[in-house]
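Here are my notes for you to read alongside the model. Work through them in order and keep the viewer open.

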Amino acid sequence: MKNKIFSLKAIVAAGVASLLLPLSSCDNQLDTTPYSYFTSANFFSNVDEAYMATLGVYSIMSSLDTYGWNVPMIFDADTDILQNTGISPVDWRTIAHYEGIPQTNTFYTVWSQFYIGIDRANVVIEKIPQMNVYTNGTQDQKDQLNRMLGEAKFLRGFYYSELVRLWGDVPFKTKSSQTGDNFKSVLVDRYEIYTQIIKDMQDAAAVLPEAKPVNERINKWGAKAMLARVALFAGGYSLRADGTIKRPDNFKDYYLLAQQQINDIMAQNPYSLNKSYSQVFKNQCQHTDLEPTENIFQVAFYNPAGNQDNGSWLGYFNGPLTTNGVYPASIGRSLVPKPFHASFNVADQRRDFSIATYSINALGNKVPLLTGRQDESWTVAKWSREYQTNATLERSYTHINWVIMRYSDLLLMRAEVENELNEGPNSIAYDAINQVRRRAFGADVPGSRINIALGAQGTGYTSTATVVINITGGGGSDAAAAAATVNNGRITAISLLRSGDGYTSAPTVTITSTDGKGSGATATATVVTKPTATQINLSGLNKANFLKAIQQERAWELLGEGMRRADLIRWGILADKIAETNTAVKAIRSNYFYPSFTNFVSGKHELYPYPINETDVNKGITRQNPQY
């Protein structure tokens, strides 16, 4: 099992540390009072106390308020590949459907958490160099403290990069809050903030360890990878205060910075793709220690009491709709529009693994969602309950880490950077994107996917919901099928829900029923020939078409991983993609659920509004983001 940064002991330590630090954003605290009689002035007396304070900076990420729910699952929803369910006046729907306003509380929740994290980081950055052991301690003590200083700088930069990504120009502060401070903080231009973010992440990378981490603490290469992402956002399109959407004139300088960071990482070659795409997410769900080669930066979730604190809704909110029974329930709120499912090559193994065209009933069986308007209920499937530990402590709030950066993401960034800087794809760009594509098509693992054909239809079956199709043997995994129709007791059609991967021979297919009724139906599986390298690999594209290929590849590879809306904004095509998706879903049926097109306003919804809780008190913020 993964050695999580937030073990029981570490949660207690981080909780204590958070009480020692002044709690403030740039908002409504005109006078701050520490939460206990301890203060940062008398707390940083040894390495353990410094570590406790550093964990307090990390802990901001490990809650539903930030990466356990809001940032990746609410703030990234409603694009061309994902949307949240339903219409009702709850924040997770109104924000996703572009109906959030300054009074929407979740905006303030996320905003304030990031500023609390920044303030905690500022304390650590100020206090560690003042410690006696920082100057006079052993080399091991100095090394540990320098690492913590780097972590605090990285996290401060990361939290600011998220604020800028979501809100644009924001209040900016690199000094910790003190009792009596004036918290009237003006908006600072995002590019001034980017300058400090870049410096913080560069300073961090210089002192962080190179070794692959044994837990979720950031290392040198993770800091460089995240700096590369920050550089792409800084060099991308964003909505400005005057209502225009543009990229900076010197955007290529940021691409050069990204290229430098990526090249530094690749020169050391610390990461690699897991040969199986599905195994990446199964490992996440099982908390196994097998993914440091692919997971570059991740957020720790663990709560020994099984409640909300340090818990995540990953695999609960955004898994296939699952009825409580064999597996714990999940609510299936993250929907995948049908046109995105249709955009995949049928041989791309990511499609069937990433998208659930089914629900899971109390018996653990997959029930197809293929008739009527059920295709509007397809969900993200990467973190399905069927892959999780399903331990008692994870039935409501899971301990699945949120992975902010995977190696495939870095490869696709590399392809994008090389394409931009060389006015078209070079061999490095093609190699990077084709690595991702080869894994997607199972090119580097034995075996292939399967097809299933119905044989005898049998008699006496009562409904599709009671039919169970078992696929066993053949050396592969993940294939799943279900009865699509039952007429007059006969199974008249079978639907292949997941074609699986790694089958080296045809598996055995058996058909049973949960109610003991029906018999005689048969089906046969066959192994499908793998695509050739020529069919998989991209080649011969110009700059514009290669960029489109990257944009599409990122959608296929990173579905549900929290970056699509931000990517579309930095490419300047969010409005276009929403319009394209609306046209596509309305071609399926005129009342296909897709509220984004009606609600989205270009030049407004590329940023969120400043929370009213902040602007009511912080009179340094003298304007609202455009059109709010």
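**Notes on the predicted model**

1. Confidence to start with. The protein has a mean pLDDT of 92, with 93% of its residues at 70 or more; pLDDT is the predictor's confidence in each residue, on a scale from 0 to 100. Residues 22-38 are where to be careful: pLDDT is below 50 there, and the stretch has 47 contacts in the model beyond near neighbours in sequence. A contact here means heavy atoms within 4.5 Å.

2. Ground rules. This is a predicted model, in which local features need pLDDT of at least 70, side-chain atom pairs count only at pLDDT 80 or more, and totals for chains, interfaces and linings use all residues. Residues are numbered from 1 along each chain as its sequence is written, and side-chain values use heavy atoms, with hydrogens and water left out.

3. What the record says. UniProt, in an unreviewed entry, places the feature "domain: RagB/SusD" at residues 370-451 and 532-628; the positions follow the numbering used here, feature names are shortened, and annotations may be inferred rather than shown by experiment. Residues 370-451 are 35% helix and 11% strand, with end C-alpha atoms 18 Å apart. Residues 532-628 are 53% helix and 0% strand, and there the end C-alpha atoms lie 51 Å apart. Helices (H or I, at least four residues) and strands (E, at least two) are DSSP runs, numbered from the N terminus.

4. You'll find domain 1 at 46-208 + 597-627, domain 2 at 301-400 and domain 3 at 450-529, with bounds from an automatic or database domain assignment.

5. Where domain 2 meets domain 3. Their centres, taken over C-alpha atoms, are 22 Å apart, and 13 residues of domain 2 are in contact with 13 residues of domain 3. About 1,100 Å² is buried between the two domains, and carbon and sulfur atoms give 57% of that; buried area is the accessible area (1.4 Å probe) that two parts lose on being put together, summed over both. Asp352, Lys366 and Pro368 supply 37% of what domain 2 buries against domain 3, more than any other three residues. How many salt bridges does the rule find across this interface? It finds one.

6. Met61 sits in the loop between α3 (47-58) and α4 (70-74). Is Met61 buried or exposed? Met61 counts as buried because its relative accessibility is 2%; buried means under 20% relative accessible area, exposed over 50%, and partly exposed in between (1.4 Å probe, protein chains only). Leaving out residues up to four places away in sequence, Met61 touches several residues, including Leu155, Phe158, Tyr159, Phe297 and Ile404.

7. Two positive phi values to check. Asp78 is not a glycine, yet its phi is positive at about 65 degrees. Asp78 lies in the loop between α4 and β1 (83-84), and is buried, with a relative accessible area of 0%. His287 also has a positive phi, near 60 degrees, in a residue other than glycine. The loop holding His287 runs between α12 (277-286) and β6 (295-299), and His287 is buried at a relative accessible area of 8%.

8. Charge pairs. Side chains of opposite charge can pair when their charged atoms come close. The rule used here asks for a side-chain nitrogen of Lys or Arg within 4 Å of a carboxyl oxygen of Asp or Glu, and the count comes to 37 salt bridges. One of them joins Arg564 to Asp80, with the closest N and O atoms 2.8 Å apart. That pair links distant parts of the chain, 484 residues apart: Arg564 is in helix α19 (residues 564-571), Asp80 in the loop between α4 and β1. Both Arg564 and Asp80 are buried.

9. Glu557 and Arg439 meet in a salt bridge through their side chains (3.1 Å, N to O). Glu557 is in helix α18 and Arg439 in helix α16, 118 residues apart. Glu557 is buried at a relative accessible area of 0%, and Arg439 counts as buried at 4% relative accessibility. Salt bridges that share partners join Glu557 and Arg439 into one network with other residues, among them Glu294, Asp348, Arg350 and Lys382.
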